[in-house]
Amino acid sequence: MQLDDVIITRAIVDSWSKDLLDSLEIDVAIVGGGPAGLTAGYYLSKKGLKTVLFERNLSIGGGMWGGGMMYNKCVFQQESKPILDEFGIRTDEYQEGYFLTNSLETVTTLCSGAIKAGLKIFNLIGVEDVMIRQEDNAGRRSAAGSSVTGLVLNWTAVTMAKLHIDPLTIRAKAIIDSTGHAAEVAGIIVRKIGKKLLTETGEMLGEKPMWADVGERTIVENTKEIYPGVFVAGMSANAVFGGPRMGPIFGGMLLSGKRSAEIIAARLAK
Ligand code: 48F
(Lines give C-alpha, C1' and ligand atoms only; values in the text may rest on other atoms or scores of the structure.)
Protein backbone atom coordinates (compact mmCIF):
# COMPACT_ATOMS: atom_id res chain seq x y z
CA MET A 1 0.00 0.00 0.00
CA GLN A 2 1.24 3.47 -0.87
CA LEU A 3 1.12 5.86 2.07
CA ASP A 4 -0.37 9.33 1.61
CA ASP A 5 1.22 11.98 3.83
CA VAL A 6 -1.90 14.13 3.80
CA ILE A 7 -4.09 11.27 4.99
CA ILE A 8 -1.73 10.85 7.93
CA THR A 9 -2.15 14.53 8.72
CA ARG A 10 -5.93 14.45 8.22
CA ALA A 11 -6.25 11.45 10.55
CA ILE A 12 -4.45 13.27 13.34
CA VAL A 13 -6.16 16.64 12.97
CA ASP A 14 -9.62 15.14 12.47
CA SER A 15 -9.39 12.77 15.42
CA TRP A 16 -7.80 15.27 17.83
CA SER A 17 -10.34 17.98 16.94
CA LYS A 18 -13.20 15.55 17.59
CA ASP A 19 -11.65 14.72 20.97
CA LEU A 20 -11.54 18.41 21.90
CA LEU A 21 -15.06 19.14 20.64
CA ASP A 22 -16.26 16.19 22.68
CA SER A 23 -14.56 17.68 25.78
CA LEU A 24 -16.12 21.13 25.79
CA GLU A 25 -18.96 20.23 28.18
CA ILE A 26 -18.07 17.48 30.59
CA ASP A 27 -18.72 16.11 34.05
CA VAL A 28 -15.24 16.49 35.54
CA ALA A 29 -12.16 18.41 34.44
CA ILE A 30 -8.87 17.48 36.10
CA VAL A 31 -5.98 19.93 36.13
CA GLY A 32 -2.62 18.17 36.34
CA GLY A 33 -1.61 14.64 35.43
CA GLY A 34 0.53 13.56 38.37
CA PRO A 35 -0.30 10.46 40.43
CA ALA A 36 -3.30 12.11 42.13
CA GLY A 37 -4.89 13.42 38.92
CA LEU A 38 -4.38 10.14 37.07
CA THR A 39 -5.88 8.11 39.91
CA ALA A 40 -8.86 10.46 40.19
CA GLY A 41 -9.34 10.24 36.42
CA TYR A 42 -9.26 6.45 36.50
CA TYR A 43 -11.92 6.12 39.22
CA LEU A 44 -14.19 8.84 37.82
CA SER A 45 -14.06 7.32 34.33
CA LYS A 46 -14.76 3.88 35.76
CA LYS A 47 -17.87 5.32 37.39
CA GLY A 48 -19.04 6.41 33.93
CA LEU A 49 -18.44 10.14 34.41
CA LYS A 50 -17.17 12.05 31.41
CA THR A 51 -13.76 13.09 32.65
CA VAL A 52 -10.97 14.99 30.93
CA LEU A 53 -7.49 15.77 32.24
CA PHE A 54 -5.36 18.71 31.12
CA GLU A 55 -1.60 18.50 31.63
CA ARG A 56 0.70 21.33 30.68
CA ASN A 57 3.79 19.17 30.22
CA LEU A 58 4.62 16.93 27.30
CA SER A 59 4.77 13.95 29.65
CA ILE A 60 2.19 12.74 32.12
CA GLY A 61 3.23 11.65 35.61
CA GLY A 62 4.21 14.86 37.41
CA GLY A 63 6.76 14.28 40.15
CA MET A 64 6.79 10.50 39.93
CA TRP A 65 9.29 9.80 37.17
CA GLY A 66 12.31 10.74 39.25
CA GLY A 67 11.27 8.85 42.42
CA GLY A 68 13.37 10.33 45.25
CA MET A 69 16.19 12.62 44.15
CA MET A 70 16.40 10.91 40.72
CA TYR A 71 16.57 7.40 42.20
CA ASN A 72 13.69 6.02 40.11
CA LYS A 73 11.94 4.13 42.89
CA CYS A 74 8.73 5.07 44.69
CA VAL A 75 7.62 4.03 48.16
CA PHE A 76 4.01 3.18 49.01
CA GLN A 77 2.42 2.28 52.33
CA GLN A 78 0.09 -0.64 53.05
CA GLU A 79 -3.13 1.40 52.73
CA SER A 80 -2.42 2.24 49.11
CA LYS A 81 -1.43 -1.31 48.07
CA PRO A 82 -4.96 -2.28 46.89
CA ILE A 83 -4.88 0.59 44.37
CA LEU A 84 -1.48 -0.52 43.03
CA ASP A 85 -2.84 -4.07 42.78
CA GLU A 86 -5.94 -2.88 40.94
CA PHE A 87 -3.78 -1.15 38.31
CA GLY A 88 -1.41 -4.13 38.14
CA ILE A 89 1.66 -2.20 39.35
CA ARG A 90 4.18 -4.65 40.79
CA THR A 91 5.48 -4.05 44.30
CA ASP A 92 8.37 -5.32 46.35
CA GLU A 93 7.95 -5.26 50.14
CA TYR A 94 11.19 -3.74 51.41
CA GLN A 95 10.28 -3.91 55.06
CA GLU A 96 6.92 -4.55 56.70
CA GLY A 97 4.49 -1.92 55.40
CA TYR A 98 6.94 -0.27 52.93
CA PHE A 99 6.32 -1.23 49.31
CA LEU A 100 8.73 -0.26 46.55
CA THR A 101 7.77 0.22 42.91
CA ASN A 102 9.71 1.13 39.81
CA SER A 103 8.72 4.75 39.18
CA LEU A 104 8.68 4.27 35.39
CA GLU A 105 6.34 1.29 35.63
CA THR A 106 4.18 3.19 38.09
CA VAL A 107 3.70 6.26 35.88
CA THR A 108 3.15 4.37 32.65
CA THR A 109 0.75 1.87 34.20
CA LEU A 110 -1.29 4.56 35.97
CA CYS A 111 -1.52 6.50 32.71
CA SER A 112 -2.41 3.48 30.62
CA GLY A 113 -4.99 2.26 33.17
CA ALA A 114 -6.66 5.66 33.34
CA ILE A 115 -6.89 6.03 29.56
CA LYS A 116 -8.22 2.50 29.16
CA ALA A 117 -10.85 3.24 31.83
CA GLY A 118 -12.08 6.09 29.61
CA LEU A 119 -10.12 9.14 30.79
CA LYS A 120 -9.32 11.58 28.01
CA ILE A 121 -5.98 13.33 28.43
CA PHE A 122 -4.79 16.46 26.69
CA ASN A 123 -1.11 17.10 27.25
CA LEU A 124 0.72 20.30 26.35
CA ILE A 125 -2.30 22.35 27.43
CA GLY A 126 -2.22 24.41 30.62
CA VAL A 127 -5.01 25.94 32.68
CA GLU A 128 -4.49 29.67 33.08
CA ASP A 129 -7.82 30.83 34.49
CA VAL A 130 -11.26 29.69 35.64
CA MET A 131 -14.85 30.67 34.78
CA ILE A 132 -16.94 31.74 37.77
CA ARG A 133 -20.72 32.11 37.53
CA GLN A 134 -23.56 32.79 39.93
CA GLU A 135 -25.06 29.39 39.29
CA ASP A 136 -23.38 26.04 38.89
CA ASN A 137 -23.73 23.98 35.72
CA ALA A 138 -26.83 22.26 37.10
CA GLY A 139 -28.49 25.68 37.46
CA ARG A 140 -28.12 25.57 41.26
CA ARG A 141 -27.26 28.74 43.13
CA SER A 142 -24.53 27.90 45.62
CA ALA A 143 -24.44 29.07 49.22
CA ALA A 144 -21.24 30.99 48.51
CA GLY A 145 -23.06 32.84 45.74
CA SER A 146 -20.95 31.59 42.87
CA SER A 147 -19.25 28.49 41.51
CA VAL A 148 -16.38 27.66 39.26
CA THR A 149 -18.06 26.36 36.12
CA GLY A 150 -15.18 25.92 33.73
CA LEU A 151 -11.53 26.22 32.82
CA VAL A 152 -9.59 28.55 30.59
CA LEU A 153 -6.98 26.75 28.50
CA ASN A 154 -3.99 27.65 26.46
CA TRP A 155 -1.14 25.84 24.77
CA THR A 156 1.95 25.49 26.94
CA ALA A 157 3.97 26.57 23.91
CA VAL A 158 2.01 29.84 23.75
CA THR A 159 2.59 30.51 27.44
CA MET A 160 6.28 29.63 27.23
CA ALA A 161 6.84 31.84 24.23
CA LYS A 162 4.88 34.64 25.96
CA LEU A 163 2.76 35.05 22.84
CA HIS A 164 -0.24 37.33 23.13
CA ILE A 165 -2.88 34.78 22.10
CA ASP A 166 -6.25 34.44 23.81
CA PRO A 167 -7.26 31.15 25.38
CA LEU A 168 -10.26 28.84 24.90
CA THR A 169 -12.70 27.56 27.52
CA ILE A 170 -14.44 24.36 28.55
CA ARG A 171 -17.35 23.82 30.95
CA ALA A 172 -17.37 21.17 33.71
CA LYS A 173 -19.69 20.24 36.57
CA ALA A 174 -16.71 19.67 38.86
CA ILE A 175 -13.02 20.53 38.71
CA ILE A 176 -10.08 18.89 40.44
CA ASP A 177 -6.98 20.88 41.24
CA SER A 178 -4.28 18.20 41.18
CA THR A 179 -1.48 20.54 40.20
CA GLY A 180 0.84 19.45 43.02
CA HIS A 181 2.76 21.76 45.33
CA ALA A 182 1.69 24.90 43.45
CA ALA A 183 -2.08 24.31 43.84
CA GLU A 184 -2.51 26.49 40.78
CA VAL A 185 -6.30 26.52 40.48
CA ALA A 186 -6.62 27.50 44.15
CA GLY A 187 -4.04 30.21 43.51
CA ILE A 188 -5.98 31.55 40.55
CA ILE A 189 -9.20 31.76 42.61
CA VAL A 190 -7.48 33.71 45.40
CA ARG A 191 -5.71 35.98 42.94
CA LYS A 192 -8.86 36.75 40.98
CA ILE A 193 -11.58 37.00 43.64
CA GLY A 194 -9.77 37.25 46.97
CA LYS A 195 -9.76 35.16 50.15
CA LYS A 196 -12.76 33.00 49.31
CA LEU A 197 -11.37 29.48 49.68
CA LEU A 198 -13.06 27.12 52.15
CA THR A 199 -10.04 27.29 54.49
CA GLU A 200 -9.81 28.97 57.90
CA THR A 201 -8.60 32.26 56.43
CA GLY A 202 -9.97 31.97 52.91
CA GLU A 203 -6.39 31.87 51.62
CA MET A 204 -4.08 29.02 50.74
CA LEU A 205 -2.54 27.99 54.07
CA GLY A 206 0.65 26.69 52.42
CA GLU A 207 2.41 23.36 52.81
CA LYS A 208 4.38 22.63 55.97
CA PRO A 209 7.89 21.06 56.26
CA MET A 210 8.49 17.42 55.39
CA TRP A 211 6.75 14.87 57.64
CA ALA A 212 5.73 11.74 55.74
CA ASP A 213 3.62 10.17 58.48
CA VAL A 214 1.43 13.22 59.08
CA GLY A 215 1.47 14.39 55.46
CA GLU A 216 0.24 11.08 54.14
CA ARG A 217 -2.65 11.06 56.59
CA THR A 218 -3.70 14.69 56.23
CA ILE A 219 -3.61 14.58 52.44
CA VAL A 220 -6.64 12.29 52.43
CA GLU A 221 -8.44 14.36 55.09
CA ASN A 222 -7.67 17.52 53.11
CA THR A 223 -9.10 16.10 49.89
CA LYS A 224 -12.27 18.14 49.67
CA GLU A 225 -14.04 21.06 48.08
CA ILE A 226 -12.08 24.31 48.27
CA TYR A 227 -14.57 26.54 46.47
CA PRO A 228 -17.97 25.61 45.02
CA GLY A 229 -17.24 23.35 42.07
CA VAL A 230 -13.51 22.90 42.81
CA PHE A 231 -11.91 20.02 44.70
CA VAL A 232 -8.28 19.39 45.60
CA ALA A 233 -6.42 16.09 45.29
CA GLY A 234 -2.81 15.13 45.91
CA MET A 235 -0.18 17.58 47.10
CA SER A 236 -2.51 20.49 46.30
CA ALA A 237 -4.72 19.36 49.18
CA ASN A 238 -1.92 19.81 51.72
CA ALA A 239 -0.76 23.03 50.06
CA VAL A 240 -4.25 24.53 50.39
CA PHE A 241 -5.03 23.27 53.89
CA GLY A 242 -1.56 23.58 55.46
CA GLY A 243 -0.50 19.92 55.68
CA PRO A 244 3.16 18.84 55.55
CA ARG A 245 4.96 17.66 52.41
CA MET A 246 6.03 14.04 52.38
CA GLY A 247 8.74 13.44 49.79
CA PRO A 248 8.98 10.28 47.71
CA ILE A 249 6.18 8.28 49.33
CA PHE A 250 3.26 8.32 46.94
CA GLY A 251 0.47 6.25 48.52
CA GLY A 252 -1.31 9.37 49.77
CA MET A 253 -1.45 10.70 46.20
CA LEU A 254 -3.31 7.61 45.00
CA LEU A 255 -5.59 7.52 48.05
CA SER A 256 -6.35 11.22 47.69
CA GLY A 257 -7.07 10.84 43.95
CA LYS A 258 -9.46 7.99 44.71
CA ARG A 259 -11.11 9.94 47.53
CA SER A 260 -11.69 12.96 45.28
CA ALA A 261 -13.39 10.69 42.73
CA GLU A 262 -15.69 9.29 45.43
CA ILE A 263 -16.62 12.75 46.74
CA ILE A 264 -17.33 14.12 43.27
CA ALA A 265 -19.28 11.06 42.12
CA ALA A 266 -21.50 11.35 45.22
CA ARG A 267 -21.97 15.08 44.61
CA LEU A 268 -22.88 14.71 40.94
CA ALA A 269 -25.30 11.89 41.72
CA LYS A 270 -27.42 14.31 43.84
O1 48F B 1 3.33 17.46 41.08
P2 48F B 1 2.47 16.30 40.73
O3 48F B 1 3.10 14.97 40.63
O4 48F B 1 1.23 16.33 41.78
P5 48F B 1 0.55 15.19 42.67
O6 48F B 1 -0.23 14.26 41.82
O7 48F B 1 1.78 14.36 43.25
C8 48F B 1 2.77 14.98 44.01
C9 48F B 1 4.02 14.15 43.96
O10 48F B 1 4.46 13.97 42.63
C11 48F B 1 5.18 14.73 44.75
C12 48F B 1 4.94 14.65 46.19
C13 48F B 1 4.95 13.32 46.84
O14 48F B 1 5.52 13.51 48.03
O15 48F B 1 4.76 15.62 46.83
O16 48F B 1 5.41 16.06 44.35
O17 48F B 1 -0.12 15.90 43.77
O18 48F B 1 1.73 16.58 39.35
C19 48F B 1 1.09 17.80 39.10
C20 48F B 1 0.96 17.98 37.60
O21 48F B 1 0.16 19.12 37.34
C22 48F B 1 0.69 19.79 36.21
C23 48F B 1 2.19 19.62 36.35
O24 48F B 1 2.85 19.80 35.09
C25 48F B 1 2.30 18.20 36.89
O26 48F B 1 2.44 17.26 35.86
N27 48F B 1 0.23 21.18 36.26
C28 48F B 1 0.56 22.11 37.20
N29 48F B 1 -0.08 23.26 36.96
C30 48F B 1 -0.83 23.06 35.83
C31 48F B 1 -0.63 21.74 35.40
C32 48F B 1 -1.71 23.89 35.08
N33 48F B 1 -1.97 25.16 35.42
N34 48F B 1 -2.31 23.37 33.97
C35 48F B 1 -2.07 22.07 33.61
N36 48F B 1 -1.23 21.24 34.29
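## Close-up views of a predicted model

View 1. An oxygen atom of the ligand sits 2.8 Å from a polar backbone atom of G63. The protein covers 92% of the 730 Å² of accessible area that the ligand has on its own. Keep in mind as you look around that this is a predicted model. The side chain of E55 takes part as well, with an N or O atom 2.6 Å from an oxygen atom of the ligand. At V127, a polar backbone atom is 2.9 Å from a nitrogen atom of the ligand.

View 2. Helix α4 runs through residues 103–117. Its 15 residues reach 21 Å from the first C-alpha to the last, close to the 21 Å expected at 1.5 Å a residue. At the start of α4, look for N102: a side-chain oxygen of this residue comes to within 2.7 Å of the backbone nitrogen of L104. After the helix comes G118, with a positive phi near 120 degrees.

**View 3. The buried residues of α4.** Which residues of α4 are buried? They are S103, E105, T106, V107, T109, L110, C111, G113 and A114. The buried residues of α4 pack against helices α2 (35–46), α3 (81–87) and α9 (251–269), and against strands β3 (73–77), β5 (98–102) and β6 (120–123). As a handy reminder while tracing a helix, residues three or four places apart point the same way, because an α-helix has 3.6 residues a turn.

**View 4. Helix α2, largely enclosed.** Of the 12 residues of α2, 11 are buried, so this helix is largely enclosed by the rest of the structure. Among the buried ones are P35, L38, Y42, Y43 and L44. From first C-alpha to last, α2 reaches 17 Å, close to the 16 Å expected at 1.5 Å a residue. The helix is followed by G48, whose phi is positive, near 90 degrees.

View 5. K81 is found in helix α3. Is K81 buried or exposed? It counts as buried, because its relative accessibility is 18%. Leaving out residues up to four places away in sequence, K81 touches T91 and F99. L268, in helix α9, counts as partly exposed because its relative accessibility is 23%. The C-alpha atoms of L268 and L49 are separated by 9.1 Å, although the two residues are 219 residues apart along the chain.

**View 6. L151 in the largest nonpolar core.** The largest nonpolar core has 70 residues, of which F54 and L151 touch the most other members. Not counting residues up to four places away in sequence, the contacts of L151 include A29, V31, F54, V127, L168, I170 and I175.

**View 7. Two loop residues with positive phi.** L124 is found in the loop between β6 and β7 (125–133), and its phi is near 65 degrees, a positive value in a residue other than glycine. L124 counts as partly exposed, at 35% relative accessibility. K162 lies in the loop between α5 (156–160) and β9 (168–177), with a positive phi near 55 degrees. At 74% relative accessibility, K162 counts as exposed.

Technical notes: Residues are numbered from 1 along each chain as its sequence is written. This is a predicted model: local features need pLDDT of at least 70, side-chain atom pairs count only at pLDDT 80 or more; totals for chains, interfaces and linings use all residues. Side-chain values use heavy atoms; hydrogens and water are left out. Helices (H or I, at least four residues) and strands (E, at least two) are DSSP runs, numbered from the N terminus. The expected span of a helix is 1.5 Å times one less than its number of residues. Buried means under 20% relative accessible area, exposed over 50%, partly exposed in between (1.4 Å probe, protein chains only). Contact means heavy atoms within 4.5 Å. A polar contact is a pair of N or O atoms within 3.5 Å; within protein, one must be able to donate a hydrogen and the other to accept it, and residues adjacent in sequence count only if both atoms are side-chain atoms. Accessible areas come from the Shrake-Rupley method with a 1.4 Å probe; for residues, only the protein chains shown count as cover. A nonpolar core is a set of buried Ala, Val, Leu, Ile, Met, Phe, Trp, Tyr and Cys residues joined through side-chain atoms within 4.5 Å.
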